[in-house]
Amino acid sequence: MRVTVRLFARLRDIAGAAEMPREIPSGATIRTVWKQLAGEFPGLADYERSMSSALNADYARMDAEVHDGDEIAFLPPVSGG
Amino acid sequence: MPTPLFAIGPAPLALEPLVSAVASGSDGVDGAITVFLGLVRNHNQGRRVQYLEYEAYEPLALKAFARIDEEVRKRWPGMRMALHHRTGRLDIGEASVVIVTASPHRGDAFAACRYVIERVKQIVPVWKREYFDGGDVWIEGATADPDDQHARAEAERIACA
């Protein structure tokens, strides 16, 4: 199935793209998507402990299951204000 | 068009329409309105800052604003608030965030206002890139986790100190 991955701030810089479509196996979780991405862009692995994830623009845990057409976002530590 | 209480985007922040928007919900019960403006500062950690670039995951940021509003109304019943955050390039002295809280009592209005900015820094998906003399760097603060009760309690402790 096909999902859209979105990356922000330094994660986007590391991967060189803000948004990318990815093919993932059915039954995958957000963690599956992250592992696949971190394999592709090794610099991302440094953020494994500090990043947050979101599913369809809602904060979600890494073990949340993803479905065809979902938008998955990975967020480095925030710095608003 | 009336000013929305919650917004994020590149438009310059306007204080008075936001204060009016909060005040108009009062029915006369308010005794205090507190306003906080966050500004772009010309120095940070020994660096001379030239300007900042703000980026946001806007739909999630708006949901985080709604969550903060919910937390505020639970902690301070009767409190009303507004929150606008800016994105894009901001020069020194420009406002990046404006928070307005209204309450029957000034103590609560001040505390809630402080609580809101602490929570913004904890859970709102916004990032700033600092351009300084000699380079640029992404600023990274808190790992965003709205369900982290320890962080929420810490924001409340700071607000009510």
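# Group meeting talk: two sheets, one helix and a contact between chains

Let me start with a pair of residues: R6 of chain A has E19(A) as its bridge partner in β2(A). Before going further, please keep in mind that this is a predicted model. It scores ipTM 0.97 and pTM 0.97. For chain B, the mean pLDDT is 97, and 100% of its residues reach 70 or more.

Back to that pair. The two strands involved are β1(A), residues 2-7, and β2(A), residues 19-23, and they run antiparallel to each other over 5 bridges. Another pair you can find there is V3(A), which sits opposite R22(A) in β2(A). Now, is β2(A) well covered or hardly covered? It is hardly covered: of the 5 residues in β2(A), the number that count as buried is 0.

While we are by β3(A), have a look at the loop between β3 (52-55) and β4 (71-75) of chain A, where you will find N56(A). What is the phi of N56(A)? It is near 50 degrees, a positive value in a residue other than glycine. As a reminder, most residues other than glycine have a negative phi. N56(A) counts as partly exposed because it has 15 C-beta neighbours inside 10 Å.

Over to chain B, which also has an open sheet of 4 strands, this one ordered β1-β5-β7-β2 with mixed pairing.

The partner to look at for β1(B) is β5(B), residues 80-86: the two pair in the parallel sense over 4 bridges. To find your place in that pairing, look for I8(B), which is opposite H85(B) in β5(B).

Two helices pack on this sheet. Helix α1(B), residues 15-23, touches β2, β5 and β7 (95-103) of chain B, and its direction makes about 25 degrees with that of β7(B). Helix α2(B), residues 58-75, touches β1 and β5 of chain B, and its direction makes about 150 degrees with that of β1(B).

Next, the place where the chains meet. Here 26 residues of chain B are in contact with 17 residues of chain A. On the chain B side, the elements giving two or more residues are α2, β7, α3 (106-123), β8 (126-132) and β9 (135-139). So what is that side of chain B made of? Its residues divide into 15 nonpolar, 5 polar and 6 charged.

One more helix in chain B is worth a stop: α4(B), residues 149-159, in which R152(B), A155(B) and A159(B) are buried. They lie on the same side of α4(B), because they cover an arc of only 60 degrees around the axis. Here the general rule is handy: an α-helix has 3.6 residues a turn, so residues three or four places apart point the same way. Among what covers the buried residues of α4(B) is α3 of chain B.

Last stop, the stretch around β3(B). N44(B) lies in this strand, and with 15 C-beta neighbours inside 10 Å it counts as partly exposed. Which residues does N44(B) contact, leaving aside its neighbours within four places in sequence? They are V49(B) and E130(B). In the loop between β3 (43-44) and β4 (47-56) of chain B there is Q45(B), which has a positive phi of about 50 degrees although it is not a glycine. Q45(B) is exposed, with 9 other C-beta atoms within 10 Å.

Key: Residues are numbered from 1 along each chain as its sequence is written. Chains are lettered from A and ligands numbered from 1 in the order in which they are written. This is a predicted model: local features need pLDDT of at least 70, side-chain atom pairs count only at pLDDT 80 or more; totals for chains, interfaces and linings use all residues. Two strands pair if DSSP finds at least two bridges between them. Two residues are in contact if their C-beta atoms, placed from the backbone, lie within 7 Å. Axes are lines fitted to C-alpha atoms, for helices over the stretch in contact, and angles run from 0 to 180 degrees between N-to-C directions. Ala, Val, Leu, Ile, Met, Phe, Trp, Tyr, Cys and Pro count as nonpolar, Asp, Glu, Lys and Arg as charged, and the others, Gly among them, as polar. pLDDT is the predictor's confidence in each residue, from 0 to 100. A residue is buried if 20 or more other C-beta atoms lie within 10 Å of its own, exposed if 12 or fewer, and partly exposed in between; C-beta atoms are placed from the backbone. The arc is that of the directions from the helix axis to the C-beta atoms.
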